Amino acid sequence: MHNPIDIAARATPRPVARRLRGLSDRAIAWIFVAPTIFLLLAINIFPLIWTIRLSFTNYAANRPNREVEWVGLRNYSRILTDADTWANMQSTAHFLIWTITFQVVIGFTLAWLINRKFKGNDLLTTLIVLPMMLSPAVVGNFWTFLYQPQIGLVNYAVEAVAGIPASSFSMLGPGGWARWAIVIVDTWMWTPFVMLICLAGLRSIPDYIYEAAEVDRASKWRQFWTITLPMALPFLMLAVLFRGIENFKMFDMVTLLTGGGPGNETLLTSIDLKREAFEKWRTGYASAYAIILFVTVFGLASIYVKALNKVKER
Amino acid sequence: MTAYSITEPSKASKWVAGLLVAFYTIVTLLPLVWIISTGFKSGPDSISYPPKLVFDPTVEGYVNLFTSRTRISQDAPPPPAETWYDEITRDQGMVITGPSRFGERFMNSVIIGFGSTALSIILGTLAAYAFSRFKVPLKDDLLFFILSTRMMPPIAVAIPIYLMYRELGLSDTHLGMILLYTGVNISLAVWLLKGFIDEIPREYEEAALIDGYTRFQAFRKVVLPQAATGIASTAIFCLIFAWNEYAFAVLLTSGNAQTAPPFIPTIIGTGGQDWPAVAAGATLFLLPVMVFTILLRKHLLRGITFGAVRK
């Protein structure tokens, strides 16, 4: 910024701006912020408080006229001692761990390759990014078609490449493949997200560090482990944080793909919560469940952010 | 850059990297290509095995998407086909009985998407400006609070909203969904817009204030034009969120205000899902987002990371 206007503008003394006509800054600040605060209170805070209140009752939304009883912490203790809850937590953990692992490995590799700045890398990056912007519900629904055992593209590709007969397995049916089927679709959708963030991280590493390393005759392998990876790590960790929070909440894509089945194999906590709240109509119980999930995400994310800040400071 | 740099990757490594990334691109786009191409297949072609790469394109899927049909009965042959789409349905042994609900659902998506985007942007720009330029008490806490609202699973939010809307008569209304999506999007909008406004030098406004503008005039005539690109990209992010959202839509809307995402998976033909029609609906629904993504590519990273990574 070297144009004359900027220079003139910068020379203006700050206190002058304080001399205002009309409303004071303070009043304007409040007028500008108030509608947003009001909306957040109405759509976020009030419902949260209501959920907490409901979580101590046996309220059922489909029977609004039934007398509501206070049950204290019974909902919480029931959820935490229910073996099914823990089974669903395990399914969610399986989904989280494997989606994040695949997305980090593939996403980082792609970013590292794209960072070679070959011709056309911008175009390919834009094309690769497309899946993650699309509606998870619509895309998830269409993947059930790709996963059809008799006619689907996935089974056909497996037969063509690996020679396993297409009709001998079903990705969404019994046989234990379903929990991998949802990992595959999520990885397909969200690898570009990790890739984009990693790419920003790699591009933030200044050239002179590598130049210095070359002068010191550090091998490429050593440069990767001592420069590239540590310097891109905060970005990678940020990507993992976002994916972690999002996938802990996962509902839409998996609902359309498996609906939690076969059996309860892919019954992630969010899908289970939906069943409790809107199919079994155990509103009080589901509210307690919701609070437990929220506290879990919030707690894990806070610990993680602390770790992330430590890495950044290094 | 100098003519020769020791850190520049070698020609060979560029080629290998380019080929590998190109291969990944092809594989990853295959499902999207499949969605678009299935939309132009006939029913039998869509479920043939091995999957057909080359086929006779037809708009049957699109016709089925927009119409409801019944089988032609043997005893009462229908009147001769009048239009080209009548003819396409006759060829399948069907007769059109009326329009399907897809048009309505698509329009609902448009109304709710644009409505909530406009509201998010108006409220978000004002709040972001205040956060960026003034001392707002508890500013840091507010921003963290705004972010933490995104950690609630949508179903957890849906329970009290469902009860609240039932009391207020907002269930299954456009207004209810617009307010809800605005409530969810506003955190992203404020946070992103604050980032964009932070980048506009304060000196511009201060110069305007000296010239006798009021604070409000300075905001309107100096800050807003400068923030236009940022506002536009934030708007696209809000629009894409509202457009794609499924959980709230499926739980809180049904007959009146239902959007396209909960509707598309329910498109049923005779004997299971009518895949060409589903694919046609998906194509129409996904294409606008693809176009927006390409327009947005410069600010994409910033939007998806809540402005944490700006590049």
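**Helices, contacts and recorded regions**

Student: Which residues of helix α9 of chain B are buried?
Tutor: This is a predicted model, in which local features need pLDDT of at least 70, side-chain atom pairs count only at pLDDT 80 or more, and totals for chains, interfaces and linings use all residues. Residues are numbered from 1 along each chain as its sequence is written, while chains are lettered from A and ligands numbered from 1 in the order in which they are written. A residue is buried if 20 or more other C-beta atoms lie within 10 Å of its own, exposed if 12 or fewer, and partly exposed in between, with C-beta atoms placed from the backbone; helices (H or I, at least four residues) and strands (E, at least two) are DSSP runs, numbered from the N terminus. In α9(B), residues 202-210, the buried ones are B:Glu205, B:Glu206, B:Ala207, B:Ala208 and B:Leu209.

Student: Which residue with a positive phi follows α9(B)?
Tutor: The phi in question is near 100°. The residue that follows α9(B) with this value is B:Gly212.

Student: Is A:Pro149 buried, exposed or partly exposed, and why?
Tutor: A:Pro149 is in the loop between α6 (136-146) and α7 (153-162) of chain A. Leaving aside residues up to four places away in sequence, A:Pro149 touches A:Asn155, A:Ala166, A:Ser167, A:Phe169, A:Ser170 and A:Gly173, where contact requires C-beta atoms, placed from the backbone, within 7 Å. Because A:Pro149 has 16 other C-beta atoms within 10 Å, its class is partly exposed.

Student: How many residues of chain B are in contact with chain A?
Tutor: On the side of chain A that touches chain B, helix α2 (residues 25-54) gives the most, with 14 residues. That side divides into 59 nonpolar, 13 polar and 10 charged residues; Ala, Val, Leu, Ile, Met, Phe, Trp, Tyr, Cys and Pro count as nonpolar, Asp, Glu, Lys and Arg as charged, and the others, Gly among them, as polar. The 82 residues of chain A in contact meet residues of chain B numbering 87.

Student: At roughly what angle do α5(A) and α1(B) cross?
Tutor: The contact joins residues including A:Leu124 and A:Leu127 in α5(A) to residues including B:Val21 and B:Ala22 in α1(B). It divides into 10 nonpolar, two polar and no charged residues. The crossing is left-handed, that is, the near helix is turned anticlockwise from the far one by less than a right angle, clockwise being right-handed. Axes are lines fitted to C-alpha atoms, for helices over the stretch in contact, with angles from 0 to 180 degrees between N-to-C directions, and these two come within 9 Å and cross at roughly 35°.

Student: Why is α13(A) described as it is relative to α7(B), and what is the word?
Tutor: The axes of α13(A), residues 283-313, and α7(B), residues 154-168, come within 9 Å and cross at roughly 140°. Angles under 35 degrees count as roughly parallel, over 145 as roughly antiparallel, 65 to 115 as roughly perpendicular and the rest as oblique. The angle therefore makes α13(A), relative to α7(B), oblique.

Student: How far apart are the end C-alpha atoms of residues 27-50 of chain A?
Tutor: An unreviewed UniProt entry lists residues 27-50 among the spans of "transmembrane region" in chain A. Over residues 27-50 of chain A the chain is 100% helix and 0% strand. The separation of the end C-alpha atoms is 31 Å.

How values were computed: Two residues are in contact if their C-beta atoms, placed from the backbone, lie within 7 Å. UniProt positions are given in the numbering used here, feature names are shortened, and annotations may be inferred rather than shown by experiment.
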